[in-house]
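Dear colleague,

Please find the structure below, followed by a summary of what was found in it. I would be grateful if you would read the two together.

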Amino acid sequence: MIGSGTRTCPVCGRVQPLTVDFCDCGAYLAWSDVPAQEAPTTADPAPEPAPAAPKVLLFVTAGATVFQEGQDLSVPVAPGSAIDMVATIRNLSRVVDTYTLTVEGVPASWVELPAARVNLMPVGAVGDYEGKLPLRIRVPLSSEALAGEREIDFVLRSGARDEEVARVPGALTIAPFFALVFAARPAVVTGRRGATVRAELRNSGNAPIVPRVVASDADAACTFKVPERMLAIAPAATIDVPIRVRARGRLYGRPVDRALTVGATASGLPDPAPKQTVVFRQRALIPWWVPIIALALLGLALAAYAVLSAHRKVTVPALRGASSAFVAQRTLQARGFTAPPIVKSRVVAGKKSGTVLDQAPQAGEKVSPATVVTIRVAVPPATTIIPDLRGREAKFADGILTHTHLALGTVVPSKDGSRLIVGQSPLPGNVRPRGTAVNIVVEGKGPVAVPKVTCVTVAVAEQRLAKAGLKALNLADFTDTTTIVTGQVPAAKQKRPPLTAVQLMFDDAAAKKCKSSKSGKGGSPNAGASSVTGSSGADPTATTAAAAPSVAGLGYDDGVVVRMARSSRAAVPGRQAAWSPGGSLRAVVAGGQVVVSGPGLATPVRIAAADGPASAPAFAPVAPRPLVAFVAGGDGVCLARLAGAEPDCLDLPGMAPRAVAFGADGTTLLVVAAPAGDLAHPGVLTLTTSRPGSPHLADYRGGTELVRPMVGGVQGSIFALAPRPGSEVVAIATDLGRRGRLGAVGVVLVDARRLGTLTGARWTGRRGCQVAFDRTGDRLAIAGGGAAVTSCPARPAPGPVVVVAADGGGATAAVTPSGASPAWEAQP
């Protein structure tokens with residue numbers, strides 16, 4: 001009979017009662033372990049519970065490295081090689097069990113496990129309670145094995161309990177290898193002066209690689225243009241790179257084949273990608289067979305014409321009333337006349353210039369096709385250019401004007417000939433008919449009353465202002481003198497010093513009301529003028545009594561972001577303001593950092609880039625959490641969230657980025673940048689992503705080619721970008737061919753990736769140095785401009801702000817408080 005004594009486990013040393021056959025550690029307790037004599041006890045104390053022992057023990061050895069629970073180890077391995085391991089399993093349970101080993105974290109094709117199962121006896125029983133399973137992990141030499149640390153798990157499952165009983169963590173440190181696959185297509189390209197070869201680059205390595213495309217020709221007769229800066233290619237990714245080849249044009253001859261050698265290389269490659277040969281078949285401007293065919297056809301045509309024209313007569317068409325001599329000539333050619341008409345002119349008032357008044361021979365006569373027809377066209381009365389009288393003594397004005405076929409008009413404030421002329425109307429340089437009266441303003445003292453100039457033409461307004469000793473400030477330099485003025489600032493009857501500039505405003509709807517009013521007095525003097533006014537240096541949020549409603553959402557910063565009258569938000573210190581899509585968050589630049597604030601943030605969030613000061617922030621329109629893009633250090637761009645993570649930045653060597661903007665759907669990131677050696681002519685780098693709102697620049701592709709705008713053959717400078725669904729609104733400044741002078745700011749609705757083929761530009765007719773689109777892209781704020789501006793300073797200077805419609809039509813609003821770097825608030 002079994003007593004109540006105890007015995008000691010020979011494996012773990014625990015004390016167990018005689019009533020059990022197995023120890024807590026799983027070892028079998030033989031009867032031979034019972035002590036020979038056992039001291040009697042009257043009351044044995046209850047044994048302390050032993051800690052639970054593991055039912056199975058698993059560890060994996062790889063050379064000198066041992067993977068086991070509770071440790072985080074890694075073994076290095078090169079792609080294309082294999083690493084041998086041995087998994088050791090000990091059954092510490094009380095039953096016979098079958099164990100199955102698997103490897104997680106790597107594809108199953110990488111793992112070679114000859115025997116994945118092992119049957120083990122329990123510890124202490126007859127038979128093996130420990131087993132070893134050899135295995136091999138073979139890392140392929142392909143992009144599938146990405147360079148870096150790859151976590152793996154060795155998992156052991158029990159067949160008896162049908163559950164996981166052990167998991168040992170580990171890691172493989174996969175070394176990088178670089179491989180590049182290059183293909184050029186097509187094999188033959190044709191063109192007269194140039195052609196484009198497409199280079200397809202595929203990264204077949206396991207680490208990112210920055211390629212460089214090279215091209216040459218055996219005769220050194222061609223030049224090549226490849227992207228100056230290419231982004232890194234991710235493993236297994238493919239990019240398409242255009243290679244533009246050009247050669248000196250050939251006027252005449254047969255096609256010439258030029259052998260081009262193209263290839264690609266990159267740092268880290270053991271061997272460069274094999275080069276390929278592409279044939280550039282250059283065609284002549286005139287093929288060799290064209291002169292032969294042309295001479296033959298010309299001979300046939302002349303012979304046929306001589307035969308047919310010998311006895312042919314044509315009828316003279318009616319040319320009176322034709323809009324121009326060109327239309328008359330086209331009509332004659334259509335009737336078979338071979339000679340161009342002789343054009344004579346006659347000065348006629350009231351007739352449109354170029355209108356045909358008379359002809360000879362008369363209409364209906366039958367004449368030879370070689371007859372020369374004479375036409376007489378109307379020309380308007382002669383015009384002249386208004387001279388500059390400012391700075392001269394008033395007594396010389398009459399003689400100067402008479403010499404230029406003009407007349408002296410009103411002299412304000414007196415006709416003292418010894419005084420200097422300080423103002424005139426019309427302004428110098430304008431074209432006017434001969435005999436036009438020029439009003440002058442001479443030196444004088446004391447304020448004058450502002451006359452009423454609304455509901456009259458610009459010409460009448462200029463005369464009234466000149467008579468009062470004031471001058472007109474037209475929002476558009478090219479304003480037609482017959483345009484109706486619909487608003488003015490200052491208002492009528494206010495007192496102003498002589499030579500004060502009166503702001504004239506225009507609106508089509510208000511002009512119609514003026515025309516329909518009796519004697520031009522039915523409407524309000526400022527009807528339809530949508531402007532915000534205020535004196536320089538005054539409170540920017542204040543408006544005058546004559547001012548029209550404020551422009552909602554427009555603010556501008558000059559050290560501090562200023563809010564207009566209709567906005568209730570507090571001022572936020574900083575520059576270059578930007579608002580989130582919903583208008584709840586506001587980002588500014590302060591102290592070289594991007595500072596984000598808003599009602600939903602307890603404290604402002606400061607975002608700094610390690611590469612240098614931040615500038616030009618912009619919010620992503622589509623993102624699960626607020627995402628801000630900005631320029632960093634003058635040579636890179638960054639993406640950052642507000643959760644405290646470090647910004648993800650991308651350097652652009654050789655480039656000087658100026659601004660960033662997101663596309664309307666968030667899949668496009670546009671970077672306005674200029675080459676470091678040509679800062680005056682920036683362009684656009686376009687990056688695209690399939691993950692809108694991603695804070696990682698590695699998810700963006702493209703940006704390999706800087707596209708510069710061409711407007712009318714003149715290279716311009718990009719001022720601002722405004723995303724629109726389906727198109728990108730681009731503001732461009734160009735000198736319009738006048739060297740050294742600032743041109744008008746033009747607004748173009750076009751895909752930013754096609755700026756190089758820009759056509760159909762619609763001009764605002766405004767000059768400016770800083771511009772900003774509202775979030776819809778429908779309105780454009782222009783600052784730092786004016787008729788006297790000829791160049792833009794390096795640092796934006798405060799000045800009046802003008803708001804115009806992006807399509808060039810509609811009302812114009814003038815925001816007169818001084819400011820710089822205009823910005824639009826997103827209305828919540």
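Phe 67 counts as buried because its relative accessibility is 1%; buried means under 20% relative accessible area, exposed over 50% and partly exposed in between, with a 1.4 Å probe and protein chains only. Phe 154, at 0%, is likewise classed as buried.

This is a predicted model, in which local features need pLDDT of at least 70 and side-chain atom pairs count only at pLDDT 80 or more, while totals for chains, interfaces and linings use all residues. Residues are numbered from 1 along each chain as its sequence is written, and side-chain values use heavy atoms, leaving out hydrogens and water.

The whole structure was searched for aromatic pairs, and 1 was found. Phe 67 and Phe 154 form this tilted pair, at 5.9 Å centre to centre with 35° between the planes (ring centres of Phe, Tyr or the six-membered ring of Trp within 6.5 Å; planes under 30 degrees apart are stacked, over 60 edge-to-face, the rest tilted). Because Phe 67 belongs to strand β4 (residues 65–67) and Phe 154 to strand β11, the pair ties together parts that are 87 residues apart in sequence. Strands are DSSP runs of E, at least two residues long, numbered from the N terminus.

Phe 154 also touches Met 85, Leu 101 and Leu 135, among others, contact being heavy atoms within 4.5 Å.

Elsewhere, Arg 254 lies over the face of Trp 288, 3.9 Å from the ring centre (CZ of Arg or NZ of Lys within 6 Å of the ring centre and within 35 degrees of the ring normal).

Yours sincerely

Notes. Helix = DSSP H or I, 4+ residues; strand = E, 2+ residues; numbered from the N terminus. Lists of a residue's contacts leave out its neighbours within four places in sequence.
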